[in-house]
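Please keep the sequence and the structure in view while reading.

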Amino acid sequence: MKRIIRKAAVLGSGIMGSRIACHLANKGIEVLLLDIPPRELNDAEQAKGLSLEDPRVRNRIVNENFQGTLKANPAPLYDKAFASHITTGNFDDDLAKIKDVDWIIEVVVERLDIKQQLFERVEKHRTPGTLITSNTSGIPIHLMTKGRSEDFNKHFCGTHFFNPPRYLRLLEIIPTKETSQEVVDFFMDYGDRYLGKTTVLAKDTPAFIANRVGIFGIMDLFHSMKKLDMSIEEVDKLTGTLVGRPKSATFRTSDVVGLDTLVHVANGLYEACPDDEKRDTFKLPDFIDKMMEKKWFGDKTKQGFYKKVKGEDGKSEILAMDLDSLQYKEKSRVKFASLDQVRSINGLKEKISFLASAKDKAGDFYRSSYAGLFAYVTNRIPEISDELFRIDQAMRAGFGWELGPFELWDAIGLEKGLKFIADRGEKYADWVDTMKSRGISSFYKTEKGTKYYYDVQSEEYKAIPGQSAYIMLDTIRESKTIWSNSESAIQDLGDGIINFEFRSKMNSLGGGVLAGMNKAIDLAEKEYDGLVIGNQAGNFSVGANLAMIFMMAIEQEWDELNFAIKHFQDTVMRVRYSDIPVVVAPHGMTFGGGCEMTLHADAVQAAAETYMGLVEFGVGVIPGGGGTKELTLRASDRYVKDDVELNAYRENYLTIGMAKVATSAQEAMNLGFMVEGRDHYSMNKDRQIQDAKRKAQVLAEQGYQRPIERTDIKVLGQQALGMFKVGAFQMREGKYISDHDLKMTEKLAWVMSGGDLSEATTVSESYLLKLEREAFLSLCGEKKTLERIQHMLKTGKPLRN
């Protein structure tokens, strides 16, 4: 049966309900968002003389919740305009409208009786065959449908989103014994392909997969850190980005999520898991009980494990809690010898292996925490999942880990992990010894571009299902790399398409990357049909190599710097003007030179979560790698097409001058970084390289022809120059910008106007690139620019001077 989701109803408009509605709207689904009508008037309604029957009152709860969600940061919608996809209502007046939807998802309060009562009402209006799911995070799925019809049960399952639904990629699919396999298969595919999720099949067990393992890990750490004499700051330093976990690490994450939420789940697991060998780990330690009594839940109560205060100088500072005294103190700087040593090691797995063997307190911490985690997950098979890879998928997508528990163990080594477990006095599951007895020493292996996992039931390796839908560079890199240098690599994706991958620090664009890009274009033109420029690092590219620019400017090596900028411009122009189609696949941070590379593609296949912008103003220069030229060209095209004098140029001028960054691929489209109709985005980042490959294939099959360099770009000369200068002068007079900002805006205006031309003129791309390069170089000679670059290199933050 083919299913299409055009309309959905979300029942419950709280934090999760409203945000799920927004994410469905991101996909273009028409959403009906419902909640209860108020039972009494508030003060404002009484003052207006309204009654409970007034439509403004009846939808007050849902409307307030929805409007509050729209103001959330980070934003739940790809584009604010998508809010129009959502209609609000209430259960009493509008529940009958669910007869017209394709999917009903329940997201009301976590009480079984309330859910059962709502489902009884739903069945009176639901059209047979309509999908119906619950977003519960812990209530047994099979208990919710007691008394419901066969058709209801057949089309019912759990669909557990993680908060915030737009950003956390996990979607656990939890069927009951009555759920149709067709429904399970549909949601596993739909969540992946259309909602951008890592869909993980979970069993109907307490807290399912991710929260069962994740909350255990946090509670285990709470109990063990005092034994290891660890402070909050030390634990957060060791459990963050250093080991491939989110920057918020452990205690900062708890403050964001809310300690009360974490405690609710932990208490639920203690009650629901009487046979769990580590049940006592879910008991709350004394310091958590005391924090709960004081209502120190975290951000929602303005204090938790951390507290923001203002000092005597008026500046804010973050204090950390001392768990012995429960008093706040200045954050201490964390120092471990192993942390200094690990900086020279490249690769996450290599770093983790080193840290787990370190002979200091940090090493003791890792060995203890990994021992508890490794033993626990072995004992959860087959309870929460039959396949170990699903546990790893859930932890990566739900908790933001770069490596799941079994992947971590592989990085450390099976025997080392077993020793850690023995040293801590834990017990792992018997199947691990069975695996060892068969001569298998890793949970995963990769052969010929296919990743396999150890299957506990069959006692042999099996291919992870669904891999054909993705191209994972980590999996194919060893067998498909056809060229590489220290900063980049080229892989054969098959079917006549190759991929060029940045591999420099932060994927910055320096000499090694540019050499690799030219090599990739050379190879593609000689032997292949098309080229994809894509990688699967955390971010596509943060831009040009600032350290190189800074050193050349300090040494006043202007000829060398001019050559470097010209080389960058020539390279991005080759991206556009080559004999094969080039598809760029940006994702995450795509700043500066990364944005300029994207602007020159034949087509763009972005990830939905792409944050793109020409941010060069933050380091004191204008875009010098073709970005200023390209936004001038695009303004010219809009000017000619729309005949709205100056508006297109003004908008693009402000986009550069204000260093605007799109917060989604859709917003990048709105800002003009992507081209409507030509460029697209993948909801699921894991599918992006495959989607980009298909796009390159289509362009090649359609008979790709190298474009002719543009010589018809309309620039407005003094007409635009005067407008830009007047606006910038007024900003300076109002003290909104600095003297150096004024200088940058004048340089930008000069380039986008085509120089001091007496009238509107058509010019070539080469002409604008020359102006752009000259302006960039002149700003590099400014003291304020060097201060900004140096500050950015030291802090990663822009400086206003």
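A salt bridge is a side-chain nitrogen of Lys or Arg within 4 Å of a carboxyl oxygen of Asp or Glu. Side chains of opposite charge can pair when their charged atoms come close. The model discussed here is predicted, and Arg39, Glu53, Arg58, Asp92, Asp93 and Arg121 are linked in it by a network of salt bridges.

## Salt bridges

The structure holds 66 salt bridges.

| Pair | N to O distance |
|---|---|
| Lysine 99 and aspartate 100 | 3.2 Å |
| Aspartate 386 and lysine 203 | 2.8 Å |
| Glutamate 459 and arginine 438 | 3.8 Å |

In the pair of lysine 99 and aspartate 100, the closest N and O atoms are 3.2 Å apart. Lysine 99 is partly exposed, with a relative accessibility of 45%, and aspartate 100 is likewise partly exposed, at 44%.

The salt bridge of aspartate 386 with lysine 203 has its closest N and O atoms 2.8 Å apart. Aspartate 386 belongs to the loop between helix H17 (361–378) and helix H18 (388–399), while lysine 203 belongs to the loop between strand S8 (198–201) and helix H10 (210–224), so the pair ties together parts that are 183 residues apart in sequence. Both residues are partly exposed: the relative accessible area is 23% for aspartate 386 and 30% for lysine 203.

Glutamate 459 and arginine 438 meet through their side chains at 3.8 Å, N to O. Glutamate 459 is in the loop between strand S13 (450–455) and strand S14 (460–463), and arginine 438 is in the loop between helix H21 (430–437) and strand S12 (444–447); the pair therefore ties together parts that are 21 residues apart in sequence. Glutamate 459 is partly exposed, with a relative accessible area of 29%, and arginine 438 is partly exposed, with 47%.

## A negative surface patch

Which residues form a negative surface patch? The patch is formed by Glu312, Asp313, Glu317 and Glu330. One of these residues, aspartate 313, lies in the loop between strand S9 (306–310) and strand S10 (316–322). Aspartate 313 has a relative accessible area of 58%, and therefore counts as exposed, since the cut-off for this class is over 50%.

## Cysteines

A disulfide is a covalent bond between the sulfur atoms of two cysteines. How many disulfides does a search of the whole structure find? The search finds zero. As for individual cysteines, cysteine 22 has a relative accessibility of 0% and counts as buried. Cysteine 273 is also buried, with a relative accessible area of 4%.

## Peptide bonds and backbone angles

Most residues other than glycine have a negative phi, and most peptide bonds are trans. The following cases depart from this pattern.

The peptide bond from asparagine 73 to proline 74 is cis, with omega near 10 degrees. Proline 74 is found in the loop between helix H4 (60–70) and strand S3 (86–90). Isoleucine 381 and proline 382 are also joined by a cis peptide bond, for which omega is about 10 degrees. Proline 382 is placed in the loop between H17 and H18, and aspartate 386, described above, lies in the loop between these two helices as well.

Where is aspartate 495 in the chain? Aspartate 495 occupies the loop between strand S16 (488–494) and strand S17 (497–502). Its phi is near 60 degrees, a positive value in a residue other than glycine. Aspartate 495 is exposed, at 55% relative accessibility. Glutamine 556, which is not a glycine, has a positive phi of about 55 degrees. Glutamine 556 sits in the loop between helix H24 (546–554) and helix H25 (558–576) and is exposed, with a relative accessible area of 55%.

## Separation in sequence and in space

Valine 109 and phenylalanine 500 are 391 residues apart in sequence, and their C-alpha atoms are 48 Å apart in space. Valine 109 is in the loop between strand S4 (103–106) and helix H6 (112–125) and is partly exposed, with a relative accessible area of 48%.

Lysine 295 and leucine 259 are 36 residues apart along the chain, and their C-alpha atoms are separated by 8.9 Å. Lysine 295 lies in the loop between helix H14 (286–294) and S9. Is lysine 295 buried or exposed? At 54% relative accessibility, lysine 295 counts as exposed.

Technical notes: Residues are numbered from 1 along each chain as its sequence is written. This is a predicted model: local features need pLDDT of at least 70, side-chain atom pairs count only at pLDDT 80 or more; totals for chains, interfaces and linings use all residues. Side-chain values use heavy atoms; hydrogens and water are left out. A disulfide is a pair of cysteine sulfur atoms within 2.5 Å. Buried means under 20% relative accessible area, exposed over 50%, partly exposed in between (1.4 Å probe, protein chains only). Patches are made of residues with over 30% relative accessible area and no salt bridge: like charges are joined within 9 Å, nonpolar side chains (Val, Leu, Ile, Met, Phe, Trp, Tyr) within 5 Å. Accessible areas come from the Shrake-Rupley method with a 1.4 Å probe; for residues, only the protein chains shown count as cover. Lys and Arg count as positive and Asp and Glu as negative; His and the chain ends are not counted. The place of a charge is taken as NZ of Lys, CZ of Arg, CG of Asp or CD of Glu. Helices (H or I, at least four residues) and strands (E, at least two) are DSSP runs, numbered from the N terminus.
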